[in-house]
Amino acid sequence: MRGPSDLADPNLDALLDEVYGLAEDDPQAALTMLEEAGETWPDQPELLFARGELEWTLHGPEAAEPHYRQAVAIAPTFGDARYALGEI
């Protein structure tokens with residue numbers, strides 16, 4: 001799943017690929033990776049969206065909402081994040 005634009009940072013792209021792969025078997029470990037990555041990329045909408053997806057899976061929609069909102073605030077045309085907000 002990709003967000004509003006191509007990623008300029010290949011390290012972030014590789015991280016998100018790893019996170020989405022890990023999330024299927026161990027969503028908590030994937031969420032931990034995203035929390036740590038948030039220190040390096042605090043305003044990256046795709047990372048925020050991915051974190052919202054995992055928060056939803058693990059803790060429900062209320063836990064996901066702030067991450068989706070932040071992703072949309074940074075990238076208003078990020079359709080997946082806007083849709084996810086509408087689902088809450």
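Buried residues make up 38% of the 88 residues in this protein, where buried means under 20% relative accessible area, exposed means over 50%, and partly exposed covers what lies in between (1.4 Å probe, protein chains only). The model is a predicted one, so to speak of local features a pLDDT of at least 70 is needed, side-chain atom pairs count only at pLDDT 80 or more, and totals for chains, interfaces and linings use all residues. Residues are numbered from 1 along each chain as its sequence is written, and side-chain values use heavy atoms, with hydrogens and water left out.

On to the overall build. The protein has five helices and zero strands, and from the N terminus on its elements read α-α-α-α-α. Helices (H or I, at least four residues) and strands (E, at least two) are DSSP runs, numbered from the N terminus. Taken along the principal axes, the C-alpha atoms fill a box of roughly 30 × 30 × 20 Å. For 88 residues, a compact globule would have a radius of gyration near 12 Å, and the protein, with 12 Å, agrees with that. This radius is taken over C-alpha atoms, and the globule rule is 2.2 Å times the number of residues to the power 0.38.

Contact means heavy atoms within 4.5 Å. Of the contacts with a separation of 6 or more, 50% are between residues 24 or more positions apart. The accessible surface comes to about 5,000 Å², and carbon and sulfur atoms hold 48% of it; these areas come from the Shrake-Rupley method with a 1.4 Å probe, and for residues only the protein chains shown count as cover. As for charge, there are 4 positive and 19 negative ones, and their mean positions sit 9 Å apart. Lys and Arg count as positive and Asp and Glu as negative, while His and the chain ends are not counted. The place of a charge is taken as NZ of Lys, CZ of Arg, CG of Asp or CD of Glu.

Then there are the aromatic rings. A pair of rings is described by the distance of the centres and the angle of the planes. Rings of Phe, Tyr and Trp (its six-membered ring) pair if their centres lie within 6.5 Å; planes under 30 degrees apart count as stacked, over 60 as edge-to-face, and the rest as tilted. By this rule, the count is three aromatic pairs. In one of them, Phe-49 and Phe-78 have ring centres 5.3 Å apart and planes at 50°, so the pair is tilted. This pair links distant parts of the chain, 29 residues apart: Phe-49 is in helix H3 (residues 45–59), and Phe-78 is in the loop between helix H4 (61–74) and helix H5 (79–87). Both Phe-49 and Phe-78 are buried. Trp-56 and Tyr-68 also make a tilted pair, with 6.3 Å from centre to centre and 50° between the planes. Trp-56 lies in helix H3 and Tyr-68 in helix H4, so this pair ties together parts twelve residues apart in sequence. Trp-56 is partly exposed at 29% relative accessible area, whereas Tyr-68 is buried at 0%. Put together, ring pairs link Phe-49, Trp-56, Tyr-68 and Phe-78 into a cluster.

Leaving out residues up to four places away in sequence, Tyr-68 touches Phe-49, Gly-52, Glu-53, Trp-56, Ala-81, Ala-84, Leu-85 and Ile-88. Tyr-20 is 48 residues away from Tyr-68 along the chain, and their C-alpha atoms are separated by 17 Å. Glu-53, in helix H3, is partly exposed at 27% relative accessibility. His-67 lies in helix H4 and is buried, at 12% relative accessibility. Not counting residues up to four places away, His-67 touches Leu-48, Arg-51, Gly-52 and Glu-55.

Pro-10 belongs to helix H1 (residues 10–23) and is exposed, with a relative accessible area of 61%. From Pro-10 to Ala-63 is 53 residues in sequence and 28 Å in space, C-alpha to C-alpha. Gly-79, in helix H5, is partly exposed at 42% relative accessibility. Gly-79 and Thr-57 are 22 residues apart in sequence, with 19 Å between their C-alpha atoms.
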